[in-house]
Amino acid sequence: MPIINLKVSGQEDPALAQELAKTISRLTKDILNKKPEVTVVTVTFVPDYLWFVNSASLAQLKTKSFHLDIKISDSTNLKADKAKYIDAVHCSLASILGNIHPVSYTAIQEMKADAYGYEGLTIEYKYINNQKK
C-alpha cells in the first residue's frame, strides 16, 4: 500500500501527470510487488524558476528534475529490489521528461507496520488477520 508523492519541475500538465502516475504505478507493481488497487500517486508540478540545484534554478540550467517519495511497509522488499526500483524510476522519468538533472531523487521510506495503514487499520493488523484466513 504505497503512498507516492512525485514532484516534477515545469508547468502543470494533467496529461503528463496521468502518464507519470501510470508509469510509477506499473514500476511499483512490477519491481516492488505492490498491489495497484492500494497504490496512491500524487503529482505536483513546481515551476522551473522555483526549483534550485546548488542555488541555480532549473530555468537557468535549462533542465528538468523530479523528486519521488514513496512510503512502503518496513522489511517488505530486498535491497536489490529497492536499488532496481530507484534505477527504473530514474530511467523511466528521464525518458518521459527529457533532459533531467542528475540530481533528481527517489526516496523510499519504510514505515513500521504498526504505524501505517488505511481504512482505519494498521498494516500490521491487516497482515495478522490475513494470516488467519
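## Helix α3

The face of α3 turned away from its buried side carries K79, A80, K84 and S95, which are exposed. In this predicted model, α3 spans residues 79-97 and comprises 19 residues. From its first C-alpha to its last, the helix reaches 27 Å, close to the 27 Å expected at 1.5 Å a residue.

The buried residues of α3 are K82, Y85, A88, V89, S92, L93 and L97. Viewed down the axis of α3, these buried residues fall within an arc of 135 degrees, so they line one face of the helix. They pack against β1 (3-9), α1 (14-32), β5 (66-73) and β6 (105-111). Just after α3, G98 adopts a positive phi of about 95 degrees.

## The largest pocket

The volume of the largest pocket is about 580 Å³. Among the 21 residues that line the largest pocket, M1, K35, S73, I123 and Y127 are the closest to its centre.

Helix α4 provides the largest share of this lining, with 6 residues. Both β5 and α4 supply at least two residues each to the lining. By class, the lining of the largest pocket consists of 10 nonpolar, 5 polar and 6 charged residues.

## Y125 in helix α4

Y125 lies in helix α4, which covers residues 123-131. Its relative accessible area is 43%, so Y125 is classed as partly exposed, a category that falls between buried (under 20%) and exposed (over 50%). Y125 and D114 are separated by 11 residues in sequence, and their C-alpha atoms are 7.5 Å apart in space.

Definitions and conventions. Residues are numbered from 1 along each chain as its sequence is written. This is a predicted model: local features need pLDDT of at least 70, side-chain atom pairs count only at pLDDT 80 or more; totals for chains, interfaces and linings use all residues. Side-chain values use heavy atoms; hydrogens and water are left out. Helices (H or I, at least four residues) and strands (E, at least two) are DSSP runs, numbered from the N terminus. The expected span of a helix is 1.5 Å times one less than its number of residues. Buried means under 20% relative accessible area, exposed over 50%, partly exposed in between (1.4 Å probe, protein chains only). The arc is that of the directions from the helix axis to the C-beta atoms. Contact means heavy atoms within 4.5 Å. On a 1 Å grid over the protein atoms alone, a cavity is a set of points where a 1.4 Å probe fits but cannot get out, and a pocket is an open set with protein on both sides within 12 Å along at least five of seven lines; lining residues have an atom within 4 Å of a point. Grid points are joined across faces, edges and corners, and a volume is the space filled by probe spheres set on the points. Ala, Val, Leu, Ile, Met, Phe, Trp, Tyr, Cys and Pro count as nonpolar, Asp, Glu, Lys and Arg as charged, and the others, Gly among them, as polar.
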